[in-house]
Amino acid sequence: MSPLKERGRMGSVEDSVKVAQAREQRAIEKEKSRQMRSYSALVEEEREEMGIKYTVFHIPRGLNCTNQELQSIPPFIGANYSDWLVRLDLSYNHISSLAGLSRLKCLEELVLISNSLGDSGFIFEAPMPNLTGLDLNNNQLTDLTVFFSQAVEHLPNISFLSLHGNPICQDSLLVLRDEEEEEYQRYRLTMIYNLPSLKFLDSKPVTRTELAESQRRGNFLSRVVRPDVEMTDASDTIEEVNFRPLPKSEDHVKSNKAVAAPVRYNYKGNHSEGNRFIKDDDL
């Protein structure tokens, strides 16, 4: 076969390969487009179960069960979405307990804004290492000791935490007086020291300065609680003490006299307690 014919045959083979590759690429793109159309239809889906209306978000994998008058976490969430759910929003309900939450092994973000969660209900049934975001704004948490006893043990990777509107958190969204601002900063340092994985607390990120300061002050950090009522007048609380007041005039100064003279008694130390340890040989 001549070189010219050989080159022609090789060129036709290369063209056929290119055509086949282009056809395969178009088929792949067509299938991707079909999958995206079918998948996008499932991005948001309204459902109802046990009389509870909720929204399923497939991108990201989440559920929205807000404003449903819920008293607790619905059991169907753990039963149906335990290995799938990443984000759960249960805001604006009346939830007072975290019971059932431990079944959600993949959960990364939990939003419980404006519920009834107090110290007695803030109990995790098992560690949740995947949970990195927790929004508990406007609940009833009052005791930092109780909070840390649960969070430190069960939330080892928590990085976003918001506690605005709870008694344990001075609301930094308001204009604070100097002493209130100092209390809030002490609260932030206490949180950062006990939860070192935090990257964002309440309304602002954790700074390197705060991290270093929390490590420096450590266990010496404490929260100062202001009294609920104003201090009463000192005269109402201090008991009366019998005393003899000093003279009002300075005439008594002139009447004072100092005397310098020999005295009859001469102390020899015969009966001193210290002398009983001294022997005759020591003298």
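Biologist: Which residues of H3 are buried?

Modeller: The buried residues of H3 are Leu144, Phe147, Phe148, Gln150, Ala151 and His154. Buried means under 20% relative accessible area, exposed over 50%, and partly exposed in between, with a 1.4 Å probe and protein chains only. Helices (H or I, at least four residues) and strands (E, at least two) are DSSP runs, numbered from the N terminus.

Biologist: What kind of model is this, and how are residues numbered?

Modeller: This is a predicted model in which local features need pLDDT of at least 70 and side-chain atom pairs count only at pLDDT 80 or more, while totals for chains, interfaces and linings use all residues. Residues are numbered from 1 along each chain as its sequence is written, and side-chain values use heavy atoms, with hydrogens and water left out.

Biologist: What does Phe147 touch?

Modeller: Leaving aside residues up to four places away in sequence, Phe147 touches Phe122, Leu136, Leu141, Leu161, Leu163, Met191 and Leu195. A contact here means heavy atoms within 4.5 Å.

Biologist: And which residues touch the most other members of the largest nonpolar core?

Modeller: Phe147, Leu163 and Met191 do, in a core of 46 residues. Strand S2 (52-57), helix H2 (75-81), helix H3 (144-154) and helix H4 (178-194) each supply at least two residues of this core. A nonpolar core is a set of buried Ala, Val, Leu, Ile, Met, Phe, Trp, Tyr and Cys residues joined through side-chain atoms within 4.5 Å.

Biologist: How many aromatic pairs are there?

Modeller: A search of the whole structure gives six. In one of them, the rings of Phe122 and Phe147 have centres 4.9 Å apart and planes at 10°, so the pair is stacked. Phe122 lies in the loop between strand S5 (109-111) and strand S6 (133-135) and Phe147 in helix H3, so this pair ties together parts that are 25 residues apart in sequence. Rings of Phe, Tyr and Trp (its six-membered ring) pair if their centres lie within 6.5 Å; planes under 30 degrees apart count as stacked, over 60 as edge-to-face and the rest as tilted.

Biologist: Why is the pair of Phe147 and Phe148 edge-to-face?

Modeller: The planes of these rings stand at 70°, with centres 6.0 Å apart, so the pair is classed as edge-to-face. Ring pairs link Phe122, Phe124, Phe147 and Phe148 into a cluster.

Biologist: Where is Asn137?

Modeller: Asn137 sits in the loop between S6 and H3, and counts as buried at 14% relative accessibility. A polar atom of the Asn137 side chain lies 3.4 Å from the backbone nitrogen of Leu163, and one lies 2.9 Å from the backbone nitrogen of His164.

Biologist: Is Ser214 buried or exposed?

Modeller: Ser214 is buried, at 0% relative accessibility. This residue belongs to helix H5 (residues 208-217), and the side chain of Ser214 reaches the backbone oxygen of Leu211 at 2.7 Å.

Biologist: How many helices and strands does the protein chain have?

Modeller: The chain has seven helices and nine strands. Of its 283 residues, 31% count as buried.

Notes: A polar contact is a pair of N or O atoms within 3.5 Å; within protein, one must be able to donate a hydrogen and the other to accept it, and residues adjacent in sequence count only if both atoms are side-chain atoms.
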